[in-house]
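Subject: Handover of the model

Hello,

Here is the structure I promised to pass on. Please open it alongside this message; my notes follow below.

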Amino acid sequence: MNENNNKNLMIRLFNVSKRFGGKLALKDITLDIDQGEFIFISGPSGAGKSTLLKILYLAENMFEGQILIDGMNLSRISSSMLPVLRRKFGIVFQDFKLIPTRTVYENISLVLEAAGRKPAFIKKKVMQVLRNIGMEKKAAAMPLTLSGGEQQRVAVARAVVGEPSIILADEPTGSLDSTSARAILDFLAEYHKKGVTILIASHDLHLMKNTIQGRIIELNDGRMIRTDIMP
Amino acid sequence: MIHFLKRAVADIRSNKFLNIITIITISLSILVVSVFLLFFENTGRIIEAWNQGGRAMIYLKDEFNIDMLPQLKAKINSLGDIDEIVYISKIQALDILKKNMTPQTIFLKTLKENPLPDALEIKIRSYKNFKAIQILAQKIKTIDIVDNIEYGQGWLGKFLKIFNLFKITGYAMCGFFFLMALFITANTVRLAFYSRTLEVDIMRLVGATETFIKAPFYIEGIVQGFLGGLLGLGTLLITYLMVSSGITQSLATYVYFDIRFLSVKTVVLIIFSSTFLGWFGCYLSLKQIFR
């Protein structure tokens, strides 16, 4: 696995398996993802889509095999390097994971504060992202006062504000109506155009097909059963 | 840093009840410790003031005559640690007694001879050190012509025994309350941490370092400790202002003595200790949580 030969290689999985107790959630996944790719991970519930995303940012850290993210070997990563790895990602969670006691602005600015950015930069950047996603008037709102679609937009804004090189989205449109879902995917597509690698786990393949050209990876029972370029 | 401070203040606001309870607990512990320190500081001053700053009386045997005085003074001076020696003859002593007992002098007139001995009044330099006084008194007593020496050994010895007993009890109580405050602070931080598990998890996932996550908790602990210390000392000061003049008047019958509040040095030490207590409680909790 010499990444010098693959200068655009962003993610490499080699024989990756993940067990929960005695049950294998992922079985021998081998996969290369280049910088700037748009990947749809599809499959039925329990296929291992979320688990695959989680081991990439080490929310699940006990796995077999090798994973390289932008040159970092996840099997050998130290606890001090873990925040550095995670700052490479912008993550959109299925359940949004917004802090209910903090405002929309504070939820988004957290990423930049954690990265040690200056307050003036944080203010400028957060307001810019909120404008782009059409939520600038809701900056002072608390997450629980927002609709599901609005909460998801805030979650996406938080994922992109740190200008990550990889965006991971776990069922980002799962609980949204088709208009809100389309808006979210269009927003992510804008970042894809800027060269960001995007991985979306979703069972809604139809919606994905009409969004953007990318690669589809189909999982079933923890195995990768198909990888194809989407028409 | 400003971010951490803002965060800590916001966290304190959102957990008002828990924080108030912790601050009150710390303040009570600090109050108990401060009461003991106030007692020790003032009692120390009583000991300092005993016998007008280390005066002792050396009573001489009947064989003493005035020709022996220069030699005796030199001998006592050679023992060191003495500031002043004043000779009081038995005649002067009787005069002083008569003056002091003006209404009851009739019985003194019936005396056939002066029963009082010649004496020397000395001023001891290291009068704060009871042990040193005892050693010096022993040396003086070995001089042939000296009959006895009086330096308040009876009451001072008893007083010091009681004082030392109080001191040990005080230390034990201080230690107990310190541990109690530490335990409460550590648990408050633990509860605050668990109430923010989601927040901490999200922080980790967006790439926050442990320092970034822990810093507001530490600031919270330090603020709790500092405010607890201030509140405890404030309560003591108010109580002191209300009752000190009454105690001073009651004591005035026995001794001229004014009760003073804690010295600036002690106040600073108490505030520093309570702040440290807040930090240490936080440190213990977070160490356990992040293990």
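Start in chain B. Helix α4 (residues 69-78) of chain B lies across β2 and β3 (119-124) of chain B. Its direction is about 155 degrees to that of β2(B). Axes here are lines fitted to C-alpha atoms, for helices over the stretch in contact, and angles run from 0 to 180 degrees between N-to-C directions. Residues are in contact if their C-beta atoms, placed from the backbone, lie within 7 Å. Helices (H or I, at least four residues) and strands (E, at least two) are DSSP runs, numbered from the N terminus.

A word on the source. This is a predicted model, in which local features need pLDDT of at least 70, side-chain atom pairs count only at pLDDT 80 or more, and totals for chains, interfaces and linings use all residues. Residues are numbered from 1 along each chain as its sequence is written, while chains are lettered from A and ligands numbered from 1 in the order in which they are written.

**The sheet in chain B**

The open sheet has 4 strands in the order β2-β3-β1-β4 (chain B), paired antiparallel. Two strands pair if DSSP finds at least two bridges between them. β2 (82-88) and β4 (146-150) of chain B are at the edges. Each has a single partner strand, so one side of each lacks a neighbour in the sheet. From one strand to the next, the twist averages 20 degrees. Strand β1 (residues 55-60) of chain B is joined to β4(B) by 4 bridges. B:M57 stands opposite B:E150 there.

**Strand β8 in chain A**

How many residues of strand β8 (residues 197-201) of chain A are buried? The count is 5 of the 5, so the strand is largely enclosed by the rest of the structure. Buried means 20 or more other C-beta atoms within 10 Å of the residue's own, exposed means 12 or fewer, and partly exposed is in between; C-beta atoms are placed from the backbone. In a regular strand the side chains alternate between the two faces of the sheet. A:T197, A:L199 and A:A201 cover one side of β8(A). A:I198 and A:I200 are on the other.

β8(A) pairs in the parallel sense with strand β3 (residues 38-42) of chain A, over 4 bridges. A:F38 stands opposite A:I198. β7(A) also pairs parallel with β8(A), over 5 bridges. A:D170 has A:A201 as its bridge partner. The chain runs from β7(A) through α6(A) to β8(A) in a right-handed β-α-β crossover. Right-handed means that, with the strands pointing away from the viewer, the path from the first strand over the helix to the second runs clockwise.

**Positive phi in chain A**

Most residues other than glycine have a negative phi. A:E171 has a positive phi of about 45 degrees. A:E171 sits in the loop between β7 (166-170) and α6 (178-193) of chain A. A:E171 is buried, with 20 other C-beta atoms within 10 Å. A:D221 has a positive phi of about 55 degrees. Its loop joins β9 (215-220) and β10 (223-229) of chain A. A:D221 is partly exposed, with 14 other C-beta atoms within 10 Å.

Helix α1 (residues 49-56) of chain A is mostly covered, with 7 of its 8 residues buried. Just after α1(A), A:L58 takes a positive phi of about 60 degrees.

Best wishes

How values were computed
Two residues are in contact if their C-beta atoms, placed from the backbone, lie within 7 Å.
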